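Please look over the sequence and the structure shown here before reading on. The report that follows is written for a reader who is meeting them for the first time.

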Amino acid sequence: MVSDIINANDLKKMDPVFGQVSFDNHEQIVFCNDKDTGLKAIIGIHNTVLGPALGGTRMWQYNNEWEALNDVLRLSRGMTFKSAITGLNLGGGKAVIIGDAKTQKTPELMKRFGEFVHSLSGRYITAEDVGMETADMDLVREVTPYVTGISESKGGAGNPSPITAYGVFMGMKAAAKYKFGSEILEDRTVLVQGIGHVGESLVEHLTNEGAKVIITDINQERLQEVSQKYDASIYTGNDLFSEEVDIYAPCALGATINDDTINKLKAKVIAGAANNQLAIEEKHGAILQERGIVYAPDFLINAGGIINVYAELEGYDKKEIMRKTENIYNTTLEILSNAETNKITTNRAALNIAQSRIENRKKENSK
Ligand code: NAD
């Protein structure tokens, strides 16, 4: 899916790093290699104006290194804007480990990765993302303090995914209010793509509210498990983008809204947890707008997780985490109205606010 953005042959034609289409004046890109553990990772630090670059580590079997680089460039940039719009004093960073999390992730590899994180002296702080568990962050913690999302028993805030899901649920409700005139999701049909840590928790919120939930995943075991637990239907068709649903919630990987899918989409609202849902932000954001599909910007509504891990650094409590996460509802409504008033895409409206916060801080810092 990551390769949907641009194909590998085109990526190879560009200059290897600074010439990549997803390169956006990133401050630092670190390639990490360790023969003994088999670690091959890339850490991307996009921007540190607001604070240290915080963002999760993704372990994924990329088709090639270009895809991994492209992913870390896009993901780390997204983190900059996520923290900025959420009002956190954090910059944007992310890491990818190339490999299969099921078969190639070992404690030694995670600790070696932690040592690379440590060598950056806190410019980058890691956390979990796809392919990672809280236990992996606990291993990283053994070699560096620059990690969040560690177990509550070890003084951390635990797995951020349920909070991310709650924030997505809030953002989805706001988008529903905007599109349908009511935030109540009872009887609304919601297609959740990817029922991992965040997706499952989102399914729980949705079924509790009486939404009609359809789930899809590449992992058949998870599908059976989640379907039985929450009485959700498993998608059985062969083109989920053409499915008549009220809401599409991308909760797997990015770039699912792309040239191939965008014109088929029948959903009226898009609100999900996946990072970088729009393959090409301006282009695909504009097409959604023309088609009257309300897009709740991913980096705005999936910020619950970063709010949760930030609590570990700032020491605020669960009540404050929930208050900040619930506020995603208000911010989403504001952004959707702002986009309409200013005749810009919802993604652009959110980016403008995030970018102006960074610019203002830059000016203050240079005084
Ligand atoms: P996860 O690894 O627990 O779950 C991802 C799920 O997506 C897995 O079940 C996987 O099988 C499935 N999947 C992968 N490719 C798929 C495809 N083509 N079609 C359908 N399903 C597919 O990851 P997660 O922590 O739940 O994160 C999900 C998304 O949300 C990611 O994009 C992540 O970057 C983003 N996100 C997560 C958090 C968090 O707190 N975990 C915070 C912000 C954003």
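## Two domains in a predicted model

The bounds of the domains named in this report come from an automatic or database domain assignment, and the model to which they are applied is a predicted one. On that basis the protein chain is divided into domain 1, which covers 8-74 + 91-158, and domain 2, which covers 162-303 + 331-353. The centres of the two domains, taken over C-alpha atoms, are separated by 26 Å, and the contact between them takes eight residues from domain 1 and seven residues from domain 2.

## The chain as a whole

In its secondary structure the protein chain has 13 helices and twelve strands. Its radius of gyration is 19 Å, which is close to the 21 Å that the globule rule gives for 367 residues, so the chain is as compact as a globular protein of that length. Taken along the principal axes, the C-alpha atoms fill a box of roughly 50 × 50 × 50 Å.

Of the 367 residues in the protein chain, 56% are buried. When contacts between residues at least 6 apart in sequence are considered, 67% of them join residues that are at least 24 apart.

## A pocket between the domains

The second largest pocket holds about 320 Å³ of space. It is lined by 15 residues, and those closest to its centre are Val21, Arg74, Arg77, Ala279 and Glu281. The elements that give two or more residues to this lining are helix H2 (65-86), helix H8 (281-290) and helix H13 (346-366), and H13 gives the most, with three residues. By class, the lining residues of this pocket divide into six nonpolar, three polar and six charged.

## Cavities

Empty space left among the atoms can be shown by rolling over them a probe the size of a water molecule. The structure holds three cavities of 30 Å³ or more, and the largest cavity has a volume of about 80 Å³.

The residues that line the largest cavity include Arg77, Gly78, Phe81, Asn276, Gln277, Leu278 and Glu281, together with Tyr295, Asp298, Phe299, Asn347 and Leu351. H2, helix H9 (298-301) and H13 each supply at least two residues of the lining of the largest cavity, and the largest share, three residues, comes from H2. Sorted by class, this lining has five nonpolar, four polar and three charged residues.

## Two buried asparagines

Asparagine 275 has its place in the loop between strand S11 (269-270) and H8. Buried means under 20% relative accessible area, and asparagine 275, at 13% relative accessibility, therefore counts as buried. Although asparagine 275 and glycine 78 are 197 residues apart along the chain, their C-alpha atoms are separated by 7.3 Å. Leaving aside neighbours within four places in sequence, asparagine 275 is in contact with Arg58, Leu75, Lys82, Lys94, Asp129, Gly254, Asp298 and Asn302.

With a relative accessible area of 0%, asparagine 308 is buried. Its contacts, again leaving aside neighbours within four places in sequence, are with Ala157, Gly158, Asn159, Pro160, Ile163, Lys318 and Ile321.

How exposed is aspartate 187, and where is it placed? Aspartate 187 is in the loop between helix H5 (161-180) and strand S7 (189-193), and at 48% relative accessibility it counts as partly exposed. Its phi is near 70°, a positive value in a residue other than glycine.

Aspartate 231 lies in the loop between helix H7 (220-230) and strand S9 (233-234). Although aspartate 231 is not a glycine, it has a positive phi of about 60°. Exposed means over 50% relative accessible area, so aspartate 231, at 71% relative accessibility, counts as exposed.

Note on methods
Residues are numbered from 1 along each chain as its sequence is written. This is a predicted model: local features need pLDDT of at least 70, side-chain atom pairs count only at pLDDT 80 or more; totals for chains, interfaces and linings use all residues. Side-chain values use heavy atoms; hydrogens and water are left out. Buried means under 20% relative accessible area, exposed over 50%, partly exposed in between (1.4 Å probe, protein chains only). Contact means heavy atoms within 4.5 Å. On a 1 Å grid over the protein atoms alone, a cavity is a set of points where a 1.4 Å probe fits but cannot get out, and a pocket is an open set with protein on both sides within 12 Å along at least five of seven lines; lining residues have an atom within 4 Å of a point. Grid points are joined across faces, edges and corners, and a volume is the space filled by probe spheres set on the points. Helices (H or I, at least four residues) and strands (E, at least two) are DSSP runs, numbered from the N terminus. Ala, Val, Leu, Ile, Met, Phe, Trp, Tyr, Cys and Pro count as nonpolar, Asp, Glu, Lys and Arg as charged, and the others, Gly among them, as polar. The radius of gyration is taken over C-alpha atoms; the globule rule is 2.2 Å times the number of residues to the power 0.38.
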